[in-house]
Amino acid sequence: MTLSMQAPAHRLERLRSWMDAEDVDCSVVLGPDHVNHLCGYWRYFGGASALVITRDGERTLVVMRDEVPIAAATAQAEDVIGYGERGFGINLDPEADLVAAVAKHPAVAGARPAQRWPKPATAAA
């Protein structure tokens, strides 16, 4: 007996389909689990990270500046940018630097403001 089942769409394709359906310009995911899920980047001693995904599926990984070389070599992302200062000094609020770097990304900076979500149901005429 052979089971024939179509494989589900890749997680990135599912995200892109949702973005198209909801008219979303870009998505930003934060945290190691979400970043790993969508671009395969994870480090045990890594700093805070984010991933920007545009509607066409282009991924930009945002990591601490000193992680850029290893992230560029191992992540499944089209671009890798760094934030913060060189060296792993004491920064008590690295998330603020991460958010600032993400906000400068052209897809995020040029995105339309979010609409109310979920979209309200349209009334029958």
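These exercises work through salt bridges and a surface patch in a predicted model.

Residues are numbered from 1 along each chain as its sequence is written, and side-chain values use heavy atoms, with hydrogens and water left out. Local features need pLDDT of at least 70, side-chain atom pairs count only at pLDDT 80 or more, and totals for chains, interfaces and linings use all residues.

**Exercise 1. Find how many salt bridges the model has, and trace those of arginine 55.**

Step 1. A salt bridge is a side-chain nitrogen of Lys or Arg within 4 Å of a carboxyl oxygen of Asp or Glu. Side chains of opposite charge can pair when their charged atoms come close.

Step 2. Count. The rule gives 5 salt bridges.

Step 3. Take arginine 55 with aspartate 20. Their N to O distance is 3.8 Å. Arginine 55 sits in the loop between strand E2 (50–54) and strand E3 (59–64), and aspartate 20 in helix H1 (residues 11–22), so the bridge ties together parts 35 residues apart in sequence. Helices (H or I, at least four residues) and strands (E, at least two) are DSSP runs, numbered from the N terminus.

Step 4. Take arginine 55 with aspartate 23. Here the closest N and O atoms are 3.0 Å apart. Aspartate 23 lies in the loop between H1 and strand E1 (26–30), 32 residues from arginine 55.

Step 5. Join the pieces. Asp20, Asp23, Asp25 and Arg55 form a network of salt bridges.

**Exercise 2. Decide whether arginine 55 and arginine 59 are buried or partly exposed.**

Step 1. Set the cut-offs. Buried means under 20% relative accessible area, exposed over 50%, and partly exposed in between (1.4 Å probe, protein chains only).

Step 2. Apply them. Arginine 55, at 27%, is partly exposed. Arginine 59, at 10%, is buried.

Step 3. Check the partners. Aspartate 20 is partly exposed at 44%. Aspartate 23 is partly exposed at 40%. Arginine 59 bridges to glutamate 78, with closest N and O atoms 3.9 Å apart.

**Exercise 3. Which residues make the nonpolar surface patch?**

Step 1. Patch residues have over 30% relative accessible area and no salt bridge; nonpolar side chains (Val, Leu, Ile, Met, Phe, Trp, Tyr) are joined within 5 Å, like charges within 9 Å.

Step 2. Trp42, Tyr44 and Phe45 make the patch, about 480 Å².

Step 3. Phenylalanine 45 lies in the loop between helix H2 (32–39) and E2. It is exposed, at 72%.

Key
Accessible areas come from the Shrake-Rupley method with a 1.4 Å probe; for residues, only the protein chains shown count as cover.
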